[in-house]
Amino acid sequence: MNFNFDLCRRCYCYRPTLLSIAYRMTGEVMVSEDIVQETFLKWMNRSEEMIQDDKAYLAKSVINASLNHLAKVKREREAYKGPWLPEPILADSYAIDAKLDISYGFMLLLEKLAPLERAVFVLKESFDFDYAELAQLFDTTEANGRQLYHRAKEKISGARRRFTIDPPQQQLLLEAFAQASETGNIDVLIQLFKSDIELYSDGGGKVIAALKPLFGSAIAAQFMRSIVSQQRDLLDARPALVNGELAILFTQKDNQMLNTVMIIELDEAGISRIYFVRNPDKLVHMQN
């Protein structure tokens, strides 16, 4: 194969959006990398005459590979011990499309969609495909493509509006969260809990985690105090942005390996959700 600089340039332009599509479909980082890499290799080994529309070919390839992956892991995810959470992405460490929402709340909403609904929704939102293009990609009618998209929109339309805080306030909150974790004084954090706060933890059956989502400020506070009291002398903590949200990274003091990622979701009334990602398999890509 002759080296084609134009194709490489186009690869670079499409890569962030394709990675975002694969991640939105699978919730897995390295899997998304592999899907996009394999798609580019197949693309570059085809003659340009065989591919009339780069966008359609690449998007369809990534979506099909993602759907195949979801079918392969369906049984494993259904048997997952406790809540299944997507692999976290540290801000500025992954070449994704910044315009696309990959927040944890949004990723969990996508989990409510059937695979084909998810594919249609992601393509329409990510690449602005029209219904004729969607019909061609999925070998269906425009009417069915429109129905799949609107069904997906209805399923996630009840999501609460995300609350954006300004950077100075965000930094103050990050520092307060990190200080609370390091000192063990988490009262300032608990005071920000909404009464109907939701707490999810994913240990993958490999490390300790709550096997069911926790609801309400009292039980969430109890869980937080228990975690801090048990782990305070073993872990270091530092603030970060993960999936575009406030987070704390907990690393083991003895070897500085990442132990837990705690992601905090805010709205105008306070902390509405907390996600603990503890499954070591989901933190490998974030290790130094």
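Author: Two strands pair if DSSP finds at least two bridges between them. Keep in mind that this is a predicted model.

Reader: OK. How many bridges join β1 to β6, and do they run parallel or antiparallel?

Author: Six bridges join them, and the strands run parallel. β1 covers residues 193–202. Tyr200 has Tyr275 of β6 as its bridge partner.

Reader: And β5 with β6, parallel or antiparallel?

Author: Antiparallel, over seven bridges. β5 spans residues 258–267. Ile264 stands opposite Ile274 in β6.

Reader: What joins β5 to β6?

Author: A hairpin, through two residues.

Reader: Is β6 largely enclosed or open, and why?

Author: Largely enclosed by the rest of the structure, because eight of its eight residues, 270–277, are buried.

Reader: Switching to helices. At what angle do α5 and α7 pack?

Author: About 90°, with their axes 8 Å apart. α5 is residues 115–127 and α7 is residues 142–156. The angle therefore makes α5 roughly perpendicular to α7.

Reader: Which residues make the contact?

Author: From α5, they include Leu116, Val120 and Phe121. From α7, Leu148, Tyr149 and Ile156 are among them. Charged side chains take part too, including Glu117 and Lys124 of α5 and Arg151 of α7.

Reader: How do the contact residues divide?

Author: Seven nonpolar, one polar and six charged.

Reader: Last one: His69. Buried or exposed?

Author: Buried, because its relative accessible area is 14% and the cut-off is under 20%. His69 lies in helix α3, residues 54–78.

Reader: What does His69 touch, leaving out residues up to four places away in sequence?

Author: Thr26, Glu28, Val31 and Arg77.

Definitions and conventions: Residues are numbered from 1 along each chain as its sequence is written. This is a predicted model: local features need pLDDT of at least 70, side-chain atom pairs count only at pLDDT 80 or more; totals for chains, interfaces and linings use all residues. Side-chain values use heavy atoms; hydrogens and water are left out. Axes are lines fitted to C-alpha atoms, for helices over the stretch in contact, and angles run from 0 to 180 degrees between N-to-C directions. Helices (H or I, at least four residues) and strands (E, at least two) are DSSP runs, numbered from the N terminus. Angles under 35 degrees count as roughly parallel, over 145 as roughly antiparallel, 65 to 115 as roughly perpendicular and the rest as oblique. Contact means heavy atoms within 4.5 Å. Buried means under 20% relative accessible area, exposed over 50%, partly exposed in between (1.4 Å probe, protein chains only).
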